[in-house]
Amino acid sequence: MKTILIMRKQSTYLGLLALFILSLGCDKDDHPITENPDPEQPTAVSKYIISANPVASEGVADYLLTAEDLSEGTVTTEGNGVEQDGTYRYYVTHNNKFFSLLYGQGNPGAVTTYQLDSKGELEKISDFQSETVQAFAPVNDDLLLTKISRSDEAPYAYWYRLDTETNQFVDEGQINTKELAGNGELAFFSWITQVEDKVFLPYMSVKACCNDVFGTSHPDSAWIAVYDYPEMELEKVITDDRTSFIGRYFNSGLTVDEKGDIYAISSGVAMNNGSPSTTKPSAVTRIKRGTTEFDPDYYFDIEAATAGYYITTNTYAGNGQFLVYMQPVAEKGPYATGKSYAILDVYEKAITWISGLPDAKSIVSNTLRSNYVSEDGRTVYIGITTEAGSFVYSVDVDSATATRGLEVKGGVITAINKLESTE
Amino acid sequence: MKKDIPGIRFFVLCTLLVLICGSLSAQVQKTTISGTVYDVQGSAIIGATIKVQNQNTGTTSDVKGQYSLELPQPGTVVLEISYLGYEVQQKKIQVGSGQTAKLDFTLKESAYALDGITISGKTALRSVKEKAFNVQVVDALQLHNTTLDIGHALDRISGVRVRENGGVGSQMNVSLNGFRGKQVRFFIDGIPMDNFGSSFQLNNIPINLAQRIEVYKGVVPVGLGADALGGAVNIITRPQTQNSLEASYSYGSFNTHRFNIYALFTGENGFFAKINAFANYSDNNYKVEVDAADINTGAYYPKQNLERFHNTYHNESIIASVGVRDKWFADELALEWTAGQNYKEIQTGARIVSVFGGWHRRGNILMPAITYRKKNFILENLDFRLNGHYNLGSEQNIDTLHRRYNWFGQYKEYPNAGGERSYSTYKYGNNNGLVVANLNYKLNETHSVALSNTTNTFNRKGSDALDPNNEIYEQPRITLKNISGLGYQFSPGPWNSSLFIKNYYQQNKFAQSYNPSGNYGDVAYRNNTNDFNSVGYGVAVSRFFTENLQVKASFEKSYRMPETGELFGDLINLRGNTDLQPEQSFNYNLGASYWWTFRDHHNINFNTNVFYRDAMDFIRPRLDKNQTMQIMENLGSVINKGLEAEIRYHHLQNIRMGVNITYQDLRNNTRYEQGQTIQSAVYKDRIPNMPFLYGNADATYTFHDIWRKDHQLSIGYNGLYVHAFYLYWPSRGSDKLSIPSQISHDLNVTFTFANKMQWILECKNLLDKKRFDNFSLQKPGRSFSAKIKYTFY
């Protein structure tokens, strides 16, 4: 409790009257005023941080819940959890710190940083103010964030470098996205991926005007802007005409594997005036380690391999294997969320449907970019909400099978992270 | 004891009005009697009835106890004067042609305080309270010696919470028994205030404009032809009876200036002219406690006490009217012109963390209006009223500094064109028109029928000089709204009942964009039309069980049509949603009032009310897809059960005090959220970010004749309590954000010199407590103000 809901003594007779009426009127479902009921703490060294969001029409905040085990048990938001201020939040863990970012409606928002104390409880370290950004990713010991213009009158993207030791911005800069695109439209970065000592920023080309902000007349190309780091000077733009743009709005499509090769996933969802306009299917391409060109010999057509499905988003497990979210091509949309799951093996160019998950039609909501991958890269934990409730499923990558685990009551799971306790 | 019948009261009141009007219309040459009515202590008696015996002439004494009566012809007359609780007095006087005679009265208290006199002695205030509807009345005259605006006067009523974002001119949102925003409708003299723009709003109209403010809770009478979901507020302006000229000016903390001048001229042949001009200015640079971020590193300096630096507000408005009264063709025919402008700097977004240094808004109002009233219109006992206005004003949003500010007032400037939130100089006019017509037919003393119709038009046109070719600004945004109501009033004996039916109609014309060819860049617009038609109904009943005890019950099925702002956006922070459907509510009220007088002059009035609201398709805000603006949507349903109570006491003209309290149990009644078959985790949870327990206490003591006969001093206190509430759903989480309990104490001292000049000193939030409102935005701390008011005549 940040402010305790207890009457002050000086509130005189008015207060007494108030208390009287309150005592008459309080219902059982008013949240009781109690201290955190957690008498004994095991000597936990790590905890999963589950972000949950109650489904409601208004007054919605995220709650951070902690759990020791994702494979069983129950956690609830009822009278439990650290309330997060603001509706739209994104979470990222880096250097064993948990960052809770407010998407501040175009305004700066507070980013709250937590770590796990020796008792295994979330401890707020600090707040700092951040811009509203559309892409953020760990790079070295930093978080690199970009705020990207969607207006051709102000064709600039701003980047910010956050030092995760001090929790302060240490550098920032500006990128002219009209010059970068060079085709009359603006470049809009889908996400940020560190590749050795550089950062790769795949982008889509957007009109940024004319009531069709995210429409484009260049739907059939992929681009990656390559910047050196930390100077953020543009080295080159890599292009490929075999796919549409890589990644999606607010979604990563570029991954570096353990061998240093880079795999690019295109959803093939470029639009114009509200209709799909790309002729290129959802596909995987590659940039070989040490090169800054697409590998002309590598191409994997997802839509052909699955007979009519495309990838909406993905989580990299390891060893060339991704957990991918799939959706029928007929339902293609730039912001759609796939509800069928598969394991994509980019080495084998194979895609396997995952068994043991709820039917796509019954899924109400699912976690997207904030899934948790076990240290060995063999298990991916995802959150799925169906009409029957919200559960964490653990997906065994090798067998492409899923098992239902932890139940989260009173909220949909928006992210799964893990922290080690600090001493 | 004489049986007191509400119907007769009303009849007598009406008759009295007709008598007054009749006497005024008959005048040829002015023969006047004027004077003051005092009690034995020498205090003015307000609302005493002065009647000329055997003539149809009469009046009532005003707030200073003064009256002025014009006689149809010179000669000797007998004046009869009466007031509730006082003995009737008669005095003979001779008045020559064109003369003005002066005649003061001192009334003795009646041994049988309530005997017989109630019929004529009742104030307008009490007769409103006695209506069958659940209505509460603020006597604005008593607040004229404060620096309040109308919005803040409402804050003192049980069941009402005025929520605002900051100081003078800040956005104000009134919540009434759990309904809020546009769900509560506002009227001036029965005319909806929907179209007035930002230059004429509750928080910039001085209290001096009003005579009283009526607050209808839950059930709204037909005469106020509106689609209110949860109630209505009707501001009754001061009656135009005699020449007057008064001016007031106040200066206070945060460089706040308020100026008001009121002038009324009544000439020959019923001609009158009126001017009400007011201006407010404030730097609003009060301090707030914020976590201020470094402009470059983002690091917070926690709990800094910093001045708001971009918060200036000013508005200037003038309402001028000319007309005639008491003609054969009209009881009143008036033409009115409202002109005004306002300027407002925007310091923060919805939350205190987002801070701006250049973004501002301007607005103006240019509104001609016409009023026509006629009793016995065509038929005997048929009263007709017609009002119309058209607002030619415009609003502009100016955001042209491409900067990022922090709370220290530092900023980063970006090289290219842009804005702090969105680059804009968009200017638009809503071209609102309104016609209200009311017919009231009194069949006899127990039966009457009322018919009312309100038509509202809206046609937004605008452009942005920064983007002159944007076709979207050319598209239609047109609304036609029509609310008609039929009411029947039946008042047998101690009963007073009202039965009504209302028809709500709205037609919206708007454009949807589409691509006609499928080719790149082609955008065309296709016009759409939506029509809604719904029928609501209600009943209100009251009964006097004894002379002093009244019980009221009312029910209404009410609708509210979506506002034009909700449909088409305000192009600032609210995105339009043309898919909105009307929201509806079943409202139930049960209340009782008790008046008690003991030991002659100790008067106690007790009011209590329980209410129940069952609302569906609630129109509520959520963030839009781009998360840059709010959008209104039909979301879920709520149930509100509540209780409010008020006790008021007054003794003669010396002591007035009261306390009120409201508890409302506003619960989420949406059992299944969209796409869910399991019960919502917040089903039956208390709606968050809404105060649910709050109250007011006030007391005034007046010393009469403090050093001279007509010098008086009064000391007033007002206290406000709001119980703590949660920002988000109460049942969720253990480490929660809340808005703490708030208590504030205001004091004021008023000196009145010879009923001419008043000096008022006021201190608000005496203990300098932190006060918060919407989403924990901080309000001003302790402030002082001084006001001088001079009444020329």
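Two strands are taken to pair if DSSP finds at least two bridges between them. The legends below describe a predicted model.

**Figure 1. Strands β9 and β10 of chain A.** Five bridges join β9(A) to strand β10 of chain A, which covers residues 142-148. The two strands run antiparallel. A135(A) has T146(A) as its bridge partner in β10(A).

**Figure 2. The open sheet of four strands in chain A.** The order of the strands is β9-β10-β11-β12, and their pairing is antiparallel. Which strands stand at the edges of this sheet? They are β9 (135-139) and β12 (168-176) of chain A; each has a single partner strand, so one side of each lacks a neighbour in the sheet. From one strand to the next, the twist averages 20 degrees. Strands of a sheet pair through backbone hydrogen bonds, and the pairing may be parallel or antiparallel.

**Figure 3. The hairpin of β5 and β6 in chain A.** Strand β5 (residues 89-94) and strand β6 (residues 97-102) of chain A run antiparallel and are joined by six bridges. R89(A) has L102(A) as its bridge partner in β6(A). Two residues lie between the strands of this hairpin, and N95(A) takes a positive phi near 55 degrees.

**Figure 4. The open sheet of five strands in chain B.** The strands follow the order β9-β14-β15-β12-β13, and the pairing is mixed. At the edges stand β9 (135-139) and β13 (191-192) of chain B, and because each has a single partner strand, one side of each is left without a neighbour in the sheet. Strand β12 of chain B, residues 184-188, runs antiparallel to β13(B) and is joined to it by two bridges. The bridge partner of I188(B) in β13(B) is I191(B).

**Figure 5. The largest nonpolar core.** This core has 207 residues. The residues with the most contacts inside the core are F189(A), L154(B) and I213(B). Strand β15 of chain A, residues 198-206, gives the largest share of the core, with six residues. Leaving out residues up to four places away in sequence, I213(B) touches V137(B), V138(B), A140(B), I150(B), A153(B), L154(B), V233(B) and I235(B). A second, separate core has 17 residues, including I33(B), I50(B), V77(B) and I81(B).

**Figure 6. The surroundings of V449 in chain B.** V449(B) lies in strand β30 of chain B, which covers residues 447-459. Is V449(B) buried or partly exposed? V449(B) has 15 C-beta neighbours inside 10 Å and therefore counts as partly exposed. A buried residue would have 20 or more, and an exposed one 12 or fewer. Apart from neighbours within four places in sequence, V449(B) is in contact with Y441(B) and Y488(B). R212(B) is 237 residues from V449(B) along the chain, and the C-alpha atoms of the two are separated by 25 Å.

Figure 7. Chain A has three helices and 33 strands. Of its 423 residues, 48% count as buried. Among the contacts in chain A with a separation of 6 or more, 48% are between residues 24 or more positions apart. The mean pLDDT of chain A is 85, with 87% of its residues at 70 or more. In residues 1-42 of chain A the pLDDT is below 50, and this stretch has 50 contacts in the model beyond near neighbours in sequence. Where pLDDT is low, predicted coordinates should not be read in detail.

**Figure 8. Chain B as a whole, with two stretches of pLDDT below 50.** The secondary structure of chain B consists of five helices and 51 strands. Chain B has 793 residues, of which 45% are buried. Of the contacts in chain B with a separation of 6 or more, 65% are between residues 24 or more positions apart. The mean pLDDT of chain B is 81, and 85% of its residues reach 70 or more. Residues 1-28 of chain B have a pLDDT below 50, with 48 contacts in the model beyond near neighbours in sequence. The pLDDT is also below 50 over residues 111-122 of chain B, a stretch with 28 contacts in the model beyond near neighbours in sequence. For the complex, the predictor gives an ipTM of 0.79 and a pTM of 0.77.

Terms used
Residues are numbered from 1 along each chain as its sequence is written. Chains are lettered from A and ligands numbered from 1 in the order in which they are written. This is a predicted model: local features need pLDDT of at least 70, side-chain atom pairs count only at pLDDT 80 or more; totals for chains, interfaces and linings use all residues. Two residues are in contact if their C-beta atoms, placed from the backbone, lie within 7 Å. A nonpolar core is a set of buried Ala, Val, Leu, Ile, Met, Phe, Trp, Tyr and Cys residues joined through C-beta atoms within 7 Å. pLDDT is the predictor's confidence in each residue, from 0 to 100. Axes are lines fitted to C-alpha atoms, for helices over the stretch in contact, and angles run from 0 to 180 degrees between N-to-C directions.
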